[in-house]
Amino acid sequence: MQQKIVFIGGPGTGKSSVLKQLENKGYKCMPEISREVTIQAQKEGIDQLFLTQPILFSNKLLEGREKQFLEANEASDKVIFFDRGIPSIHAYMRYFNTDFPSEFIEKSKQYKYTKIFQFLPWKEIYTSDNERYETFEQSQLISKFLFNAYNELGYEIINVPFDTVNNRCKFILNSI
């Protein structure tokens, strides 16, 4: 049976670095798509699409994450890692106190993942950039909303310890 493993956590917690390392080890990995959506919007003259049109941004994320999930179903890989999952979308909308259609919760219930690994905010590695505008304090709060969204859906959440990228990968691989 195929395992679909999701990494959650606020911005700048090390998810993407671990995902890249796992990809280098030969695992199939589905990257975070919000950067893609944000960069495309910036090319179209919208600095922060999520802040100006949160439902449009979230619909684009939902479409992309659903596509990733379905692509994973077609893959022969036994383990596939995702940098965020579908429930992360409504977690962010709750963080921003944005009303959203029930479709987001319905899709979160429809597309089920096998395991959820949470990367907690870690001040020593946190950085911001052109697509990551949140402060460290906001990352901490977002992490709580992410935890709550997945927890409400019945997922057991495994915390990834603060450690080197290599040791974090070992911890995750030993836990699946």
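**Salt bridges and fold of the predicted chain**

K107 and E66 are both buried (under 20% relative accessible area; exposed is over 50%, and partly exposed lies in between, with a 1.4 Å probe and protein chains only). The model is predicted: local features need pLDDT of at least 70, side-chain atom pairs count only at pLDDT 80 or more, and totals for chains, interfaces and linings use all residues. Residues are numbered from 1 along each chain as its sequence is written, and side-chain values use heavy atoms, with hydrogens and water left out.

K107 and E66 form a salt bridge, with 2.9 Å between the closest N and O atoms. Here a salt bridge is a side-chain nitrogen of Lys or Arg within 4 Å of a carboxyl oxygen of Asp or Glu. The two residues come from distant parts of the chain: K107 is in helix α6 (residues 103-110) and E66 in helix α4, 41 residues apart. Helices (H or I, at least four residues) and strands (E, at least two) are DSSP runs, numbered from the N terminus.

The whole structure holds five salt bridges. One of them joins the side chains of K28 and E71 at 3.5 Å, N to O. K28 belongs to strand β2 (residues 28-30) and E71 to helix α4 (residues 54-74), so this pair ties together parts that are 43 residues apart in sequence. K28 is partly exposed, at 24% relative accessible area. E71 is partly exposed too, at 38%.

A further salt bridge pairs the side chains of E152 and R94 at 2.7 Å, N to O. E152 sits in helix α7 (residues 136-152) and R94 in helix α5 (residues 87-95), so the contact ties together parts 58 residues apart in sequence. E152 is exposed, with a relative accessible area of 54%. R94 is partly exposed, at 32%.

A network of salt bridges links E32, R65 and R84. R84 lies in the loop between β3 (79-83) and α5. Its relative accessible area is 6%, and R84 is therefore buried. R84 also has a positive phi of about 80°, although it is not a glycine. Most residues other than glycine have a negative phi. N97 is another non-glycine residue with a positive phi, of about 55°. N97 is in the loop between α5 and α6. N97 counts as exposed, at 72% relative accessibility.

T98 is placed in the loop between α5 and α6. T98 counts as buried, at 18% relative accessibility. Its contacts (heavy atoms within 4.5 Å), leaving aside neighbours within four places in sequence, are P54, I55 and M93.

Helix α5 contains H90. H90 is buried, at 1% relative accessibility. With neighbours within four places in sequence left aside, H90 touches F100, F104, I105, S108, A149 and L153. The C-alpha atoms of H90 and F100 are 7.6 Å apart, and the two residues are separated by 10 residues along the chain.

K43 is in helix α2 (residues 34-43). K43 is exposed, with a relative accessible area of 66%. Between the C-alpha atoms of K43 and Y155 there are 37 Å, and 112 residues separate the two along the chain.

The protein chain has eight helices and five strands. From the N terminus on, the order of elements is β-α-β-α-α-α-β-α-α-β-α-β-α. The radius of gyration is 15 Å, close to the 16 Å of the globule rule for 176 residues, so the chain is as compact as a globular protein of that length. This radius is taken over C-alpha atoms, and the globule rule is 2.2 Å times the number of residues to the power 0.38. The C-alpha trace spans about 40 × 35 × 30 Å along its principal axes.

Of the 176 residues, 49% count as buried. Among contacts with a separation of 6 or more, 77% come from residues 24 or more positions apart. The chain exposes about 9,000 Å², and carbon and sulfur atoms supply 48% of that area (Shrake-Rupley method, 1.4 Å probe; for residues, only the protein chains shown count as cover).

The chain has 22 positive and 22 negative side chains, and the centres of the two sets lie 5 Å apart. Lys and Arg count as positive and Asp and Glu as negative; His and the chain ends are not counted. Each charge is placed at NZ of Lys, CZ of Arg, CG of Asp or CD of Glu.
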